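Here's a quick walk through this fold, starting with a strand and working out to the helices. Have the viewer open as you read.

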Amino acid sequence: MNTTLVQTCADIEHMTAAATPCLLIYGGDEYLNDQITRDTVYEQLAGYPERELVRLDAQTTDQYAFEEAVSPSLLSTTSVVWISHMEHADTKLLDAIVAYADGMNHDPQASPVIMNCAGNPKGHSVETLMRRHNIPVNTVPKLDKAKDKLNYVYGEFDKRHRRIEPQAAQQLVSVLGDSVGELTGMIKQLCFDFDDDPLTINRVNQYLIGNPKVSGFNVADLAMSGKTAQAVIALRSAVEQGVEPIAMIGALALQLRNLAKAAAIRQGDISKHDANINEWALRTANNRLAGWTSQGISNCIQRLAWADEQSKTSGSDPLFALEDAIELISIKGITQ
């Protein structure tokens, strides 16, 4: 496991504005950015119960609203000021923040200002400005690669003093990796509901089995393992539960692409870097390569493409087309 990402997340979450009253949390995954900002704000509030929270949105906030927010009020001498969407801050607001950070540097009575900002071009300009004026900036991980998402899953379990099996972690990323918020919520729920350590793929599938992606991965695993009858039964069961055939084709296509990439790497046609495939998926594909030929893989891809066409158009029987593709995959693409 790459511990750098896990440690980066931990450092960001526990960082305070001790040296300067201002802190910018910049870029990365939108959910993670918001969550880290929220955690940082509430850590500041927890340390000083007398502080009040003032929320501002840079899209509608001017310098006067900011100056009022960081000034003592009748209810509190200091506040924790949370400014969101800093990529939309105008010049006068930015100047006011910079002047405040410079004037209140190391002042224990200063109101902490926690800002978060998207990683787009406007946000990059704000980040550059903050760094230029020695205002701390925490860069949030993007989590745009499968490997990073896997490490994030491991880190979330580590944070809760729990473990998860690699196959179970991969399943979570495969199904929920497009939404870090959903992924994090599922991790929290699994850790709350089950005491298993490590958490197994069976536990993960208990909660995910109704998801079309999970049904697709289960069918694909059975087909790739040569279990024709079980794969077809699983397919029909999923369809009876309301899952459309098109929803499962993607998982089958992914398995075939991984198989083709593993074969190409083994033959020296491409490098692992060029294949853009994570280690777990490559190991799985390599373990399945025995008995497969390039022609067999090509046959399966063509048959699955036909099933895809039948599912997207007014094909006579898309379910039959998908069952036909599954049967061919389960015999490694061998045709008479």
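Look at strand E3 first: Ser79, Val81 and Ile83 point one way, Val80, Trp82 and Ser84 point the other way, and all of them are buried. This is a predicted model, by the way. With 6 of its 6 residues buried, E3 (residues 79-84) is largely enclosed by the rest of the structure.

What does E3 pair with? Strand E2 (residues 52-57) runs parallel to E3, and strand E4 (residues 113-117) is parallel to E3 as well. Here's how the pairings look:

| Strand pair | Bridges | Direction | Example partners |
|---|---|---|---|
| E2 and E3 | 6 bridges | parallel | Arg55 and Trp82 |
| E3 and E4 | 3 bridges | parallel | Trp82 and Ile114 |

To get from E3 to E4 the chain passes through H4, making a right-handed β-α-β crossover.

That helix, H4, covers residues 91-103, and Thr91 is part of it. Is Thr91 buried or exposed? Exposed, because its relative accessible area is 55%, and the cut-off for that class is over 50%. Thr91 and Gln63 sit 28 residues apart along the chain, yet 9.1 Å separates their C-alpha atoms.

Now for the nonpolar packing. In soluble globular proteins, nonpolar side chains tend to be buried together. The largest nonpolar core here counts 36 residues, and Leu252, Leu256, Trp292, Leu304, Leu322, Ile326 and Ile329 have the most contacts inside it. Elements giving it two or more residues are H10 (212-224), H11 (228-240), H12 (245-266), H14 (279-288), H15 (294-312) and H16 (318-330). H12 supplies the largest share, 9 residues.

Zoom in on Trp292 and, leaving out residues up to four places away in sequence, you'll find it touching Met224, Leu256, Leu259, Ile297, Cys300, Ile329, Lys332 and Gly333. Another core, of 34 residues, lies apart from the largest one and includes Ile25, Tyr152, Leu172 and Phe194.

Finally, take H15. Its 19 residues reach 27 Å from first C-alpha to last, close to the 27 Å expected at 1.5 Å a residue. Which residues of H15 are buried? They are Gly296, Ile297, Asn299, Cys300, Leu304, Ala307, Asp308 and Gln310. H12 and H16 are among the elements that cover them. As for spacing, an α-helix has 3.6 residues a turn, so residues three or four places apart point the same way.

Note on methods
Residues numbered from 1 in each chain as written. Predicted model: local features only at pLDDT ≥ 70, side-chain atom pairs only at ≥ 80, totals over all residues. Heavy atoms only, no water. Helix = DSSP H or I, 4+ residues; strand = E, 2+ residues; numbered from the N terminus. Buried < 20%, exposed > 50% of the residue type's maximum accessible area, 1.4 Å probe, protein only. Core = buried A, V, L, I, M, F, W, Y, C linked by side-chain atoms within 4.5 Å. Contact = heavy atoms within 4.5 Å. Pairing = 2+ DSSP bridges. Right-handed = clockwise from strand over helix to strand, strands pointing away. Expected span 1.5 Å × (residues − 1).
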